[in-house]
Amino acid sequence: MSANIEISRSERTLALLGGGQFVQLSARELGNPAKVRSVIREGLPVASAQYAREHSGVPNRLFDQVVPRTTLISAGKSKSKRLSKPVSEVVLRAAKIIALAEEAFGDRDRAMHWLNNSNPVFEDEAPITLTDTESGTEWVEQVLGRMMYGVDA
């Protein structure tokens, strides 16, 4: 059963990035570090990040704290229309955290409320904004993991 959960989380992550329309990965390949690394090295298409910004359920003011709008505008003007490796990683981390929160809460609205509002556990920051760093993302993952497995968060 855990494989089904992982597949649905991967499918949700991919959907948040605009799916196959923008990202050359399948949901199954999201579990393959070599494939993901290759896509990150190439850089996610700017259109994928813009899709995530518009459809993730994260208010623009918070999304901009994770990936500044000016970064997307600048990358959109580039010849390649691709994000840098670091920005691609941030966008992917944010999508993965959103999918994990939806799984943890079992409800998109509750997950987005939790992600988008300041939380004393995270020094009064909105959890989604912590995905701008790997350590912040790990912190949010740890709290969600404790919530999923019945440990006080």
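Student: How much space lies in the largest pocket?
Tutor: About 310 Å³. Keep in mind that this is a predicted model.

Student: Which elements give two or more residues to the lining of the largest pocket?
Tutor: They are α2 (33–42), α6 (85–105) and α8 (134–148). Among the lining residues are Pro33, Arg37, Glu89, Lys96, Thr137 and Glu141.

Student: What makes a residue part of the lining?
Tutor: A lining residue has an atom within 4 Å of a point of the space. Val36, Ile40 and Leu92 are included in the pocket's lining.

Student: How do the residues of the pocket's lining divide by class?
Tutor: Seven are charged, four are nonpolar and one is polar. Glu and Arg count as charged, and the lining includes Glu134, Glu138 and Arg93.

Student: How many cavities of 30 Å³ or more does a search of the whole structure find?
Tutor: One. The largest cavity holds about 50 Å³ of space.

Student: Why is a space called a cavity or a pocket?
Tutor: In a cavity a 1.4 Å probe fits but cannot get out, whereas a pocket is an open set.

Student: What lines the largest cavity, by class?
Tutor: Nine nonpolar residues, with no polar and no charged ones. Leu17, Val23, Leu25, Leu30 and Leu44 are among them. Helix α2 gives the largest share, three residues.

Student: Now the rings. How many aromatic pairs are there?
Tutor: The count comes to four.

Student: Why is the pair of Phe22 and Tyr51 called tilted?
Tutor: The ring centres lie 6.0 Å apart, and the limit for a pair is 6.5 Å. The planes stand at 55 degrees, so the pair is tilted. Stacked needs under 30 degrees and edge-to-face over 60.

Student: What makes this pair a link between distant parts of the chain?
Tutor: Phe22 sits in the loop between α1 (2–16) and α2, while Tyr51 is in helix α3 (residues 46–55). The two are 29 residues apart.

Student: Are Phe22 and Tyr51 buried or partly exposed?
Tutor: Phe22 has a relative accessible area of 19%, so Phe22 is buried: the cut-off is under 20%. Tyr51 is at 26% and therefore counts as partly exposed.

Student: Why is the pair of Trp114 and Phe122 called edge-to-face?
Tutor: The planes are at 80 degrees, and over 60 is edge-to-face. The centres are 5.8 Å apart. Both residues are buried.

Student: Which residues do ring pairs link into a cluster?
Tutor: Phe105, Trp114, Phe122 and Trp139.

Key: Residues are numbered from 1 along each chain as its sequence is written. This is a predicted model: local features need pLDDT of at least 70, side-chain atom pairs count only at pLDDT 80 or more; totals for chains, interfaces and linings use all residues. Side-chain values use heavy atoms; hydrogens and water are left out. On a 1 Å grid over the protein atoms alone, a cavity is a set of points where a 1.4 Å probe fits but cannot get out, and a pocket is an open set with protein on both sides within 12 Å along at least five of seven lines; lining residues have an atom within 4 Å of a point. Grid points are joined across faces, edges and corners, and a volume is the space filled by probe spheres set on the points. Helices (H or I, at least four residues) and strands (E, at least two) are DSSP runs, numbered from the N terminus. Buried means under 20% relative accessible area, exposed over 50%, partly exposed in between (1.4 Å probe, protein chains only).
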